[in-house]
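Subject: Structure handover

Hello,

Here is the structure we discussed, with notes on what was found in it below.

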Amino acid sequence: ELTVLKKREHVDIATLFVANKELIFPSLFYVSGLIIGAILYTVLEQGTFKELIEQIAQGCTTDFLTLFLNKTAIYLSVYTVCVLLGLCLIGFPFINIIPLLCGVEIALKLAYYYVNFDVKGVGYSLLIIAPGAVGFVTILVFTIKLSNTLSKTIYYLTTNKADTIQEVNLKSYLLRFLLYSLIVLAIAALSALVTHLLSSIIVL
């Protein structure tokens with residue numbers, strides 16, 4: 001009986017992985033980016049890139065409106081690339097590069113604050129950097145899943161590799177992309193608000 005149960009559990013896990021692989025793969029690429037970024041920091045902080053890392057990590061203002069505009073510009077730029085790759089015939093092989101690069105960027109910031117400010121840097125990262133990063137990456141993963149599916153569908157239809165006749169319901173995809181973009185704006189606003197409120201309290 002135990003052997004049967006183990007086999008069933010194994011099959012369930014495998015089935016779960018296959019069913020959610022389009023969410024799992026972007027997440028794994030993001031985690032890989034975090035690891036690469038942490039390793040890169042130890043190399044780059046010793047060279048001429050140190051000042052660039054400081055500028056990326058520190059930002060330049062704590063004004064809410066400026067923060068919101070900056071975060072919106074960055075988040076929507078990355079988000080738009082994901083959407084465009086979804087509309088591209090050969091976008092799906094390259095789309096997971098985006099969470100990888102996001103992971104590298106976040107890791108450089110986290111490493112900077114940890115190395116230079118110790119415990120305060122960790123607290124700053126958890127309260128100010130992490131919430132916005134987690135929220136954006138979460139919606140980015142779902143966007144990548146949607147874009148991946150759309151790009152593959154376009155590819156298979158264009159190359160006549162689809163087993164059955166399909167039609168791309170582009171309107172449905174665009175509506176979901178629009179919904180995700182509104183969520184991205186909300187995340188940018190909340191992240192800017194948190195940074196604005198806490199920057200006067202948390203002094204490094």
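Leucine 193 counts as partly exposed because its relative accessibility is 37% (buried means under 20% relative accessible area, exposed over 50%, partly exposed in between; 1.4 Å probe, protein chains only). Leucine 193 lies in helix H6. This is a predicted model, in which local features need pLDDT of at least 70, side-chain atom pairs count only at pLDDT 80 or more, and totals for chains, interfaces and linings use all residues. Residues are numbered from 1 along each chain as its sequence is written, and side-chain values use heavy atoms, with hydrogens and water left out.

Helix H4 (64-86) and H6 each give two or more residues to the patch, and H4 gives the most, with three.

Helix packing: the axes of H5 (residues 97-158) and H6 (residues 170-198) come within 9 Å and cross at roughly 170 degrees. H5 and H6 are therefore roughly antiparallel (angles over 145 degrees). Their contact holds 16 nonpolar residues, eight polar and one charged.

Salt bridge: one was found in the whole structure (a side-chain nitrogen of Lys or Arg within 4 Å of a carboxyl oxygen of Asp or Glu). Lysine 109 and glutamate 105 form this bridge, at 3.2 Å, N to O. Both lie in H5, four residues apart, about one turn of the helix. Glutamate 105 counts as partly exposed because its relative accessibility is 31%.

Regards

Notes:
Axes fitted to C-alpha atoms, helices over the stretch in contact; angles between N-to-C directions. Parallel < 35°, antiparallel > 145°, perpendicular 65-115°, else oblique. Nonpolar A, V, L, I, M, F, W, Y, C, P; charged D, E, K, R; others polar.
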